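I set out to record what I looked up in this structure. The entries follow in the order in which I made them.

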Amino acid sequence: VQETLVLVKPDGVARNLSGEILRRIEQKGYSLVDAKLVQADRSLLAEHYAEHQGKPFFEPLVEFMESGPILVLRIAGERVIEGFRSLAGTTDPTTAAPGTIRGDFGRDWGTKVQQNLVHGSDSPESADRELALWFS
Ligand code: GTP
Ligand code: MG
């Protein structure tokens, strides 16, 4: 069965939304395989976001992700990669559909980066890479 990496980003942990986010994952029927709270350092984040290096939002993104603890989750289920992306909603929290995590709890805070509460791997290749990185 498929596995994916989910991160509750520093805004989600700070706003006490970890339980609500995990509840939605479990309500959907996905299983929790492993979990830990991590203060990520710059080198881990630079590797995690390697595809975004050089983009204008890269630096603010890394600073945001370093700003507090992250809840790191290994989640399993049939088509969980797509399924969690669907639960999360689209990247921009202002326009993410209501009913999704980002749509229900996210909004624009006027910062230089989207504080959009969660991350989910976007493909089987990303999931393999990111699970190895965060659970090495
Ligand atoms: P993740 O699950 O976090 O990877 O989100 P995503 O897959 O929906 O978005 P993507 O991988 O394209 O970007 C990673 C993160 O960078 C996003 O979640 C945002 O926090 C931030 N980001 C992406 N695109 C933009 C952008 O155009 N502007 C700003 N300010 N931030 C962005
Ligand atoms: Mg992404």
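**Entry 1: helix 4**

I looked up what covers the buried residues of helix 4, and the list includes helix 1 (10-14), helix 3 (42-48) and strand 3. I took helices (H or I, at least four residues) and strands (E, at least two) as DSSP runs, numbered from the N terminus. I counted a residue as buried if 20 or more other C-beta atoms lie within 10 Å of its own, as exposed if 12 or fewer do, and as partly exposed in between, with C-beta atoms placed from the backbone. I counted two residues as in contact if their C-beta atoms, placed from the backbone, lie within 7 Å.

I noted that this is a predicted model, in which local features need pLDDT of at least 70 and side-chain atom pairs count only at pLDDT 80 or more, while totals for chains, interfaces and linings use all residues. Residues are numbered from 1 along each chain as its sequence is written, and chains are lettered from A and ligands numbered from 1 in the order in which they are written.

The buried residues I found in helix 4 are Leu61, Val62 and Met65. They lie on the same side of helix 4, because they cover an arc of only 95 degrees around the axis. The arc is that of the directions from the helix axis to the C-beta atoms.

**Entry 2: helix 5**

I then found Val80, Ile81, Phe84, Leu87 and Ala88 buried in helix 5. Seen down the axis, these buried residues fall within an arc of 125 degrees, so they line one face of helix 5. They pack against strand 1, helix 2, strand 3, helix 6, strand 4 and helix 7. Just after helix 5, I noted a positive phi of about 85 degrees at glycine 89.

**Entry 3: the nonpolar core**

I looked up the largest nonpolar core and found 27 residues in it; Val6, Leu7, Val8, Ile70, Ile75, Phe84 and Val118 have the most contacts inside it. Such a core is a set of buried Ala, Val, Leu, Ile, Met, Phe, Trp, Tyr and Cys residues joined through C-beta atoms within 7 Å. For valine 6, I left aside neighbours within four places in sequence and found contacts with Leu73, Ile75, Phe84, Val118, His119 and Gly120.

**Entry 4: histidine 119**

I found histidine 119 in strand 4. UniProt places the feature "active site" (unreviewed entry) at His119; such annotations may be inferred rather than shown by experiment, feature names are shortened, and positions are in the numbering used here. Histidine 119 is buried because 21 other C-beta atoms lie within 10 Å. Apart from neighbours within four places in sequence, histidine 119 is in contact with Val6, Leu7 and Lys9.

**Entry 5: ligand 1 and lysine 112**

Which residues are around ligand 1? I listed Phe57, Leu61, Thr91, Lys112, Val113, Gln114, Asn116, His119, Gly120 and Asp122; a residue counts as near if its C-beta atom, placed from the backbone, lies within 6 Å.

I found lysine 112 in the loop between helix 6 (101-105) and strand 4 (118-120). Lysine 112 counts as exposed, because it has 12 C-beta neighbours inside 10 Å. Leaving aside neighbours within four places in sequence, I found lysine 112 in contact with Phe57 and Pro60. From lysine 112 to phenylalanine 58 I noted 54 residues in sequence and 9.9 Å in space, C-alpha to C-alpha.
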